[in-house]
Amino acid sequence: DILVEVNLGGEASKSGVNETELEPLLRQLATLPHLAVRGLMTLPPWLDDPEAARPYFRRLHELARQVDTLALPGVTMHELSMGMSHDFELAIEDITQAADLFRPVHERTCGVDGFVSLEVSPLLAYETAPTTRQARELHDRADRPNLYIKIPGTPQGLDSITESGSGVPADSMMSTPASWTSHSKSTPVASRTRFVASAISGPVP
């Protein structure tokens with residue numbers, strides 16, 4: 001399972017395809033039987049005002065809707081990953097709104113569906129204690145029962161999931177921060193733990 005990065009800012013310092021390259025790439029990926037595209041990701045330019053990143057987030061959402069209409073085999077837009085640690089304040093605001101939007105689904109399905117997710121900074125991927133602290137802080141600040149916290153699937157990240165205990169729902173991104181290729185594998189529901197990255201990630205309504 002992968003996310004495809006789109007370089008919406010056109011920055012030479014960042015990876016990813018541009019908007020015109022996205023559809024041809026997805027059509028090529030759709031021919032690979034053992035690969036599944038789960039969504040898109042973008043890292044907006046570093047801006048002093050986090051609010052200025054919103055147009056990039058909106059554009060990625062628009063692109064995801066356009067991709068959905070293509071109905072390509074093996075290509076779904078179940079996840080969007082957007083932003084960096086600089087955007088956390090904005091992410092907290094947006095993620096709580098998204099959680100409230102999906103909460104009726106969460107309640108109607110008795111906690112099986114209707115989740116949104118927020119990631120801890122990938123810069124903490126190899127540090128257990130800081131990852132645990134940030135996961136708890138994000139979960140407590142958002143204060144929503146249908147919020148997953150995403151934690152990198154490194155050995156230190158997995159230790160952090162164990163340390164987080166029953167208070168923080170979590171999932172693990174089974175990849176290294178450098179690759180940004182995400183494969184989520186849920187832990188048993190009884191543990192009530194979940195995973196992390198540095199942006200908003202959730203289903204496209």
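A salt bridge is a side-chain nitrogen of Lys or Arg within 4 Å of a carboxyl oxygen of Asp or Glu. A search of the whole structure turns up 10 of them. The structure is a predicted model, in which local features need pLDDT of at least 70, side-chain atom pairs count only at pLDDT 80 or more, and totals for chains, interfaces and linings use all residues. Residues are numbered from 1 along each chain as its sequence is written, and side-chain values use heavy atoms, leaving out hydrogens and water.

**View 1. Glutamate 93 and arginine 54 form a salt bridge.** Their closest N and O atoms are 3.2 Å apart. Glutamate 93 sits in helix α3 and arginine 54 in helix α2, so the pair ties together parts 39 residues apart in sequence. (Helices, H or I of at least four residues, and strands, E of at least two, are DSSP runs numbered from the N terminus.) Arginine 54 is buried at 18% relative accessible area, while glutamate 93 is partly exposed at 37%. Here buried means under 20%, exposed over 50% and partly exposed in between, using a 1.4 Å probe and protein chains only.

View 2. Salt bridges with shared partners join Glu19, Arg59 and Glu62 into one network.

**View 3. Phenylalanine 115 pairs with tyrosine 148.** The whole structure holds 1 aromatic pair. The ring centres are 4.4 Å apart and the planes lie at 50 degrees, so the pair is tilted. (Rings of Phe, Tyr and Trp, the last by its six-membered ring, pair if their centres lie within 6.5 Å; planes under 30 degrees apart are stacked, over 60 edge-to-face, and the rest tilted.) Both phenylalanine 115 and tyrosine 148 are buried.

View 4. Threonine 131 is buried, with a relative accessible area of 1%. Its side chain reaches the backbone oxygen of leucine 124 at 2.7 Å. Leaving aside residues up to four places away in sequence, threonine 131 touches Val120, Leu124, Ala125, Ile151 and Ser160; a contact means heavy atoms within 4.5 Å.

**View 5. The largest nonpolar core has 23 residues.** Such a core is a set of buried Ala, Val, Leu, Ile, Met, Phe, Trp, Tyr and Cys residues joined through side-chain atoms within 4.5 Å. Val4, Leu22 and Leu40 are among those with the most contacts inside this core. Helix α2 gives the largest share, 5 residues.

Technical notes:
A polar contact is a pair of N or O atoms within 3.5 Å; within protein, one must be able to donate a hydrogen and the other to accept it, and residues adjacent in sequence count only if both atoms are side-chain atoms.
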